[in-house]
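Colleague: I'd like to learn how to read helices and cores in a model like this one. Can we walk through a few features together?

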Amino acid sequence: MIPFQIEKIYLDEKAEKDSISQSVLKSFPHIPVEKIQDKRALIKKFLSMHDPIGTGKKNLFITPFYGRRLKPCPGTSGHICCGYYVINAITNCPMDCSYCVLQGYLNNPLLTLYSNWDDLLWEIESFLSSHPQPFLRLGTGELSDSLALDPIFPLSQLLISFFAEKNNGILELKTKSVEVNHLLHLNHRGKTVFSWSLSPMKMIEREEMRTASLEERIDAAKRCKDKGYPVGFHFDPMIYHEGWEKGYQETILSLFNCIDPNRVIWISLGGFRYPPHLKAIAKERFPNTEIFLGELFPGRDGKFRYLREIRVEMYQKMVEWLRDVGPDLFIYLCMESKEVWEKVFGWAPENSHHLNHIFEERVREFL
Ligand code: SF4
């Protein structure tokens, strides 16, 4: 059973013979299927509907994708990027967070599963074997939640087995779900990191619809850790709200009541940020959202963020609370400037290359 609703499957005729399509149709014979010749017309139809994003989340489109699906993380200008690579195996997500940038980013609102799986594996294989860098971090959580469509097709299972054989790449699966049971038995060789995005429970209930609760996420992380997977956590986006200090402190305590900090590979911190066009979309879709209540101003890259002083205060306090429970935790900032790194940690990576080297050392030390 899938933990969310799929009303209909749209099957691109070009994907009909692919094994992913066959497998999905066999597993869900009760979901109506419509064959599609003209993919643009389908997308146009959805874009013209009321709440295309919300409607798209209930409809699955299976289609091949012929472009590049492995790309450097877009990062943001003037900020230190961690040198991450994103694998786009699926797009869109059945969960529904008020702050999700995909709402204003995707020009195809349907939940989309790309059927030419072999092409994707070939692309990753060629990338890893030809890349001069001795260590690369790759992840699927950019255009969706990494585990979002696993109940429909076990993409992560295939990726974990694939990365288990690689020597210069590590896969990160970032999620707010708990769909891990089918992955626990795999021989992962420590080459996959499971990571959860964490927020205070009040924020989860108000801003992260259809996601797992904090307790469920921590429990899933514990199960993965017990099976030898490295686990990581992302306090991102951190939202400045009334009572934020208490909320984040309690979240940290709940986490480390269950997880030994020495078994955590990394923790990231990132303040809420958004491109200008997101606000109108999110306010229309989530009239009760409180994410825009803080004072947010446009930065050099055009994205709105909290004032630098506020971000620094939030990160400094988080680092202090985290270090209280785990003095050796590896903590980094996502998409922040050198100045902010220096204020928070007293040092800053020289550039992305330097930060990636630090990650490399961290992984070697951890594994
Ligand atoms: S879980 Fe991630 S991808 Fe899914 S709606 Fe929330 S922010 Fe977007």
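Predicted model: local features only at pLDDT ≥ 70, side-chain atom pairs only at ≥ 80, totals over all residues.

Colleague: Which residues are buried in H7?

Modeller: Buried here means under 20% relative accessible area. In H7 that gives Leu-214, Arg-217, Ile-218, Ala-220, Ala-221, Cys-224 and Lys-225. They cover an arc of only 160 degrees around the axis, so they sit on the same side of H7.

Colleague: What do the buried residues of H7 pack against?

Modeller: Strands S11 (192–197), S12 (208–209) and S13 (231–238), plus helices H6 (201–207) and H8 (244–258). After H7 comes Gly-228, with a positive phi near 90 degrees.

Colleague: Now H1. Where do its buried residues fall, seen down the axis?

Modeller: H1 spans residues 19–27, and Ile-20, Ser-21 and Val-24 are buried. Their arc is within 100 degrees, so they line one face of the helix. Ser-19 and Lys-26 are exposed, on the face turned away from that buried side.

Colleague: And the cores: which residues have the most contacts inside the largest nonpolar one?

Modeller: Phe-194, Phe-235 and Leu-269, in a core of 109 residues. Helix H10 (308–325) gives the largest share, eight residues. Apart from that core lies another, of seven residues, including Tyr-10 and Phe-61.

Colleague: What does Phe-235 touch, leaving out residues up to four places away in sequence?

Modeller: Among its contacts are Leu-198, Tyr-248, Ile-252, Leu-269, Met-318 and Leu-322.

Technical notes
Residues numbered from 1 in each chain as written. Heavy atoms only, no water. Buried < 20%, exposed > 50% of the residue type's maximum accessible area, 1.4 Å probe, protein only. Helix = DSSP H or I, 4+ residues; strand = E, 2+ residues; numbered from the N terminus. Arc of directions from axis to C-beta. Core = buried A, V, L, I, M, F, W, Y, C linked by side-chain atoms within 4.5 Å. Contact = heavy atoms within 4.5 Å.
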